[in-house]
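Thanks for making the time.

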Amino acid sequence: MTDHGYDSLFRPGLFAGQRAIVTGGGSGIGRCIAHELAALGAHVCVTGRKAEKVQGVAAEIAEDGGSATAHAFDIRDEDAVKPAVAAMLEGGPIRYLVNNAGGQFPSPLQHISRRGFEAVVSTNLTGGFLVARELFNQSLEKTGGAIVNITADFWDGMPVMGHSGAARAGMDNLTKTMAVEWARAGVRVNSVAPGWVASSGMDQYDPSFSRAMVPEMKRHVPLKRLATEAEISAPVVFLLSDAAAFITGAGLRVDGGASQGRPIFPLEDAGHVTRYQGFHRYVPPKAVQEIDQKGKDTP
């Protein structure tokens, strides 16, 4: 066991007796969300492409006293999604879905091949649609529930991440359509758009890229820091909960104000800024650890 469990701001037992799916739950933000939902009483189906990663998170949750199962499949493969959702439903109805799975690689548009572009769109848009559609058809249409789709700060384009920006913008629009079409079944659908997060996802990029970008990211955020994984998980939990029972089709920006700023308006240093870190198993990405070791402020 760890020294202490997830320090959630929500009441204990909020999701007791409920079941949830978290895609891309084997690392980063998805892992954090899976842990918080489990700490609040939900049985969490942790999904991802790599069995060892999702099995590892399910084992962590069990060690902390929660309930979870691991399900390895590719959300981009329709023939894999259908039976995977059916298998997860064998344990009982599932009323909550967090479409968190995603991935991309940095590249200027002129160097992205069609195959690379379509792979990112498939991961960040088509896969989320397939999982949501199957869960709706197989369960949510009969039980009602809530879906949260994870997008990104795509509002003014995503230079060097154009494929991901296009996919995330598509998911934002798809969220609105799902919210209207599925309201008849009592299914609410919202999205959360994280800004820059000090998450293990940073470790997927070239180390020199991450080391160079982290200080620049911080400089362009009005709150002058990066988010913690727990600060993304908390609004997801809120939107899944009954406290958000009259919220659907909404997109919540969780970016420290970064999407509101303009280069022409210089940002001053921020004071009295709070930080929430409830995830007891959080490990900073390597780029952030290196910056900390050099004596600079934590992003």
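Before the contacts, one term: a polar contact here is a pair of N or O atoms within 3.5 Å, and within protein one of them must be able to donate a hydrogen and the other to accept it. Keep in mind that this is a predicted model.

Start with T23, which sits in the loop between β1 and α1. Is T23 buried or exposed? T23 counts as buried, because its relative accessibility is 0%, and the cut-off for buried is under 20%.

What does its side chain reach? Another is the backbone nitrogen of A101, which lies 2.9 Å from a polar atom of the T23 side chain. If we set aside neighbours within four places in sequence, T23 is in contact with T47, L97, V98, N99, N100, A101 and V131.

T23 also brings us to the cavity. The count gives one cavity of 30 Å³ or more. The volume of the largest cavity is about 50 Å³. Its lining consists of T23, I75, N99, A101, T123, N124, L125, G128, I150 and M171. Which helix gives the most to that lining? Helix α4, residues 114-143, does, with four residues. By class, the lining has five nonpolar residues, five polar and no charged.

Next, the packing. The largest nonpolar core has 30 residues, and those touching the most other members are F15, L37, V44, V98, V192, V236 and L240. At least two residues of this core come from each of β1 (19-22), α1 (28-39), β2 (43-48), α2 (51-63), β4 (96-99), β5 (145-150) and α7 (230-240). Take V236 as an example: not counting residues up to four places away in sequence, V236 touches I33, V98, V148, I150 and V192. V98, then, is touched by V236 and is also in contact with T23. I150 is touched by V236 and is among the residues lining the largest cavity.

Last, an open site. The second largest pocket holds about 220 Å³ of space. Of the 15 residues that line this pocket, L223, R225, A227, E231 and G256 lie nearest its centre. How does that lining divide by class? The pocket lining has eight nonpolar, three polar and four charged residues, whereas the lining of the largest cavity has no charged residues.

Technical notes: Residues numbered from 1 in each chain as written. Predicted model: local features only at pLDDT ≥ 70, side-chain atom pairs only at ≥ 80, totals over all residues. Heavy atoms only, no water. Core = buried A, V, L, I, M, F, W, Y, C linked by side-chain atoms within 4.5 Å. Buried < 20%, exposed > 50% of the residue type's maximum accessible area, 1.4 Å probe, protein only. Contact = heavy atoms within 4.5 Å. 1 Å grid on protein atoms, 1.4 Å probe; cavity = no way out; pocket = protein on both sides within 12 Å on 5 of 7 lines; lining within 4 Å. Points joined across faces, edges and corners; volume = space filled by probe spheres on them. Nonpolar A, V, L, I, M, F, W, Y, C, P; charged D, E, K, R; others polar.
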